[in-house]
Amino acid sequence: MKRLKIALILLLVPVFMFTAVAVFAGGETPQEVFYSLDVNHDGRIIKEELVIIYPDKTVLETRFIEFDKNGNGYIEIDEFVVYYKK
Ligand SMILES: [Ca+2]
Ligand SMILES: [Ca+2]
């Protein structure tokens with residue numbers, strides 16, 4: 001159990017740092033947008049979390065496929081950043 005806690009903390013620290021950097025940098029960084037979309041804060045975006053920016057179901061489906069490069073059904077931060085920079 002203790003190991004699991006440490007692993008969890010190690011995972012969470014970069015997430016907090018990312019968020020802090022985004023906040024201090026000001027403006028809309030891809031990371032900032034990603035974390036504001038990640039409503040349940042699990043570090044990935046599911047289709048339902050994208051509804052906020054793509055209310056149209058057809059657009060949502062298309063965009064989601066474009067984002068989800070490895071096709072695992074989640075948009076990970078690196079997939080999001082890559083897409084956002086285009
Ligand atoms: Ca999420
Ligand atoms: Ca993915």
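Y84 counts as partly exposed because 14 C-beta neighbours lie inside 10 Å, where C-beta atoms are placed from the backbone and a residue is buried if 20 or more other C-beta atoms lie within 10 Å of its own, exposed if 12 or fewer, and partly exposed in between. The structure is a predicted model, in which local features need pLDDT of at least 70 and side-chain atom pairs count only at pLDDT 80 or more, whereas totals for chains, interfaces and linings use all residues. Residues are numbered from 1 along each chain as its sequence is written, and chains are lettered from A and ligands numbered from 1 in the order in which they are written.

The protein chain contains 5 helices and 2 strands, these elements being DSSP runs numbered from the N terminus (helices H or I, at least four residues; strands E, at least two). Along the sequence the elements follow the pattern α-α-β-α-α-β-α. Of the 86 residues in the protein chain, 7% are buried. Contacts are assigned where the C-beta atoms of two residues, placed from the backbone, lie within 7 Å; among those between residues at least 6 apart in sequence, 37% join residues at least 24 apart.

Two packed helices are described by the angle between their axes and the distance between the axes. For α2 (30-37) and helix α5 (residues 77-85), the axes come within 9 Å and cross at roughly 130 degrees, the axes being lines fitted to C-alpha atoms, for helices over the stretch in contact, with angles running from 0 to 180 degrees between N-to-C directions. The two helices α2 and α5 are therefore oblique to each other, given that angles under 35 degrees count as roughly parallel, over 145 as roughly antiparallel, 65 to 115 as roughly perpendicular and the rest as oblique. In this contact P30, Q31, V33 and F34 of α2 meet I77, F80, V81, Y84 and K85 of α5, and the residues involved divide into 7 nonpolar, 1 polar and 1 charged.

Within helix α2, P30 counts as partly exposed, with 16 C-beta neighbours inside 10 Å. When residues up to four places away in sequence are not counted, P30 touches F80, V81, Y84 and K85; the C-alpha atoms of P30 and F80, which are 50 residues apart along the chain, are separated by 7.3 Å. Y84, which lies in helix α5, is in contact with P30 and V33 once its neighbours within four places in sequence are left aside, and a separation of 9.7 Å is found between the C-alpha atoms of Y84 and F34.

The largest nonpolar core has 5 residues, namely F34, Y35, I45, I75 and F80, a core being a set of buried Ala, Val, Leu, Ile, Met, Phe, Trp, Tyr and Cys residues joined through C-beta atoms within 7 Å. Leaving aside neighbours within four places in sequence, F80 is in contact with P30, F34, I45, F67 and I75.

In the loop between α2 (30-37) and β1 (44-45), H41 is exposed, with 10 other C-beta atoms within 10 Å. The phi angle of H41 is near 55 degrees, a positive value in a residue other than glycine.

Note on methods: Nonpolar A, V, L, I, M, F, W, Y, C, P; charged D, E, K, R; others polar.
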